[in-house]
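Please keep the sequence and the 3D view at hand while reading.

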Amino acid sequence: STACRRDATAQAQAAAPNHVEMRTVTVPVNGMICMVCAGSVKNALTAVHGVQNAEVDLEKHNVTVQYEHGNVSLDALTRAINKLGYKAGVPTPAQSQ
């Protein structure tokens with residue numbers, strides 16, 4: 001019956017957040033030289049749907065982004081940075097501390 005299928009779909013949707021795989025990448029950012037730049041980059045990245053966190057490291061000229069794998073493409077991350085006028089490098093898996 002349709003009621004059974006509807007229940008299964010509702011349960012699958014409710015369970016989905018637990019199965020979202022979080023990934024963390026470090027993206028080099030050229031041209032990011034001050035706290036204002038860093039804030040702009042952080043805000044642009046956290047505005048991307050599915051990004052959980054973005055931590056900017058001004059000294060290393062990079063940003064570490066924690067995001068939902070499958071909901072966010074690396075392309076979306078670099079596009080968000082490039083749109084601000086900076087040059088995003090190739091995202092690499094973040095080194096775990």
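Predicted model: local features only at pLDDT ≥ 70, side-chain atom pairs only at ≥ 80, totals over all residues.

Ile-81 belongs to helix H3, and once its neighbours within four places in sequence are set aside, its contacts are Val-27, Val-29, Val-41, Leu-45, Val-63, Tyr-86 and Ala-88.

Ile-81 is one of several buried residues in H3, the others being Ala-76, Leu-77, Thr-78 and Ala-80. The cover over the buried residues of this helix includes E1, H2, E2, E3 and strand E4, which spans residues 87–88. Thr-78, also placed in helix H3, is buried with a relative accessible area of 14%, and beyond residues up to four places away in sequence it touches Val-27, Ala-88, Gly-89 and Pro-91. After H3 comes Gly-85, which has a positive phi near 105 degrees.

## The chain as a whole

The chain contains three helices and five strands, and along the sequence these follow the pattern α-β-α-β-β-α-β-β. Of the 97 residues, 29% are buried, while the chain exposes about 6500 Å², with carbon and sulfur atoms supplying 53% of that area. When contacts between residues at least 6 apart in sequence are considered, 62% of them join residues at least 24 apart.

## Strand E3 and its two partners

Strand E3, made up of residues 62–68, is largely enclosed by the rest of the structure, because five of its seven residues are buried. E3 pairs with strand E1 (residues 22–30) in the antiparallel sense over seven bridges, and within E3 it is Thr-64 that stands opposite Thr-26. E3 also runs antiparallel to strand E2 (residues 51–57), to which six bridges join it; here Asp-57 has Asn-62 of E3 as its bridge partner.

E2 and E3 together form a hairpin with four residues between them, and in the turn His-61 has a positive phi of about 55 degrees. As background to reading such strands, side chains in a regular strand alternate between the two faces of the sheet.

## The nonpolar core

Which residues of the largest nonpolar core touch the most other members? Among its 21 residues, these are Val-41, Leu-45, Val-51, Val-63, Val-65, Leu-77 and Ile-81. Two or more residues of this core come from each of E1, helix H2 (35–46), E2, E3 and helix H3 (74–83).

Val-63 illustrates how these elements meet: apart from neighbours within four places in sequence, it is in contact with Val-25, Thr-26, Val-27, Val-29, Val-41, Leu-45, Ala-54, Glu-55, Val-56 and Ile-81. The contact with Ile-81 brings the description back to the residue with which it began, which lists Val-63 among its own contacts.

## Salt bridges

Side chains of opposite charge can pair when their charged atoms come close, and the count of salt bridges here is three. In one of them, the side chains of Lys-42 and Glu-55 meet at 3.4 Å, N to O. This pair links distant parts of the chain, with Lys-42 in helix H2 and Glu-55 in strand E2, 13 residues apart. Lys-42 is partly exposed at 29% relative accessibility, and Glu-55 is likewise partly exposed, with a relative accessible area of 43%.

In H3, Arg-79 forms a salt bridge with Asp-75, the closest N and O atoms being 2.6 Å apart; because these residues are four apart in the helix, about one helical turn separates them. Arg-79 is partly exposed with a relative accessible area of 47%, and Asp-75 counts as partly exposed at 46%. The remaining pair joins Glu-21 and Arg-23, with 2.8 Å between the closest N and O atoms. Glu-21 is partly exposed at 40% relative accessibility, as is Arg-23, for which the relative accessible area is 33%.

Conventions. Residues numbered from 1 in each chain as written. Heavy atoms only, no water. Buried < 20%, exposed > 50% of the residue type's maximum accessible area, 1.4 Å probe, protein only. Contact = heavy atoms within 4.5 Å. Areas by Shrake-Rupley, 256 points an atom, 1.4 Å probe, with all protein chains shown as cover. Pairing = 2+ DSSP bridges. Core = buried A, V, L, I, M, F, W, Y, C linked by side-chain atoms within 4.5 Å. Salt bridge = Lys/Arg side-chain N within 4 Å of Asp/Glu carboxyl O.
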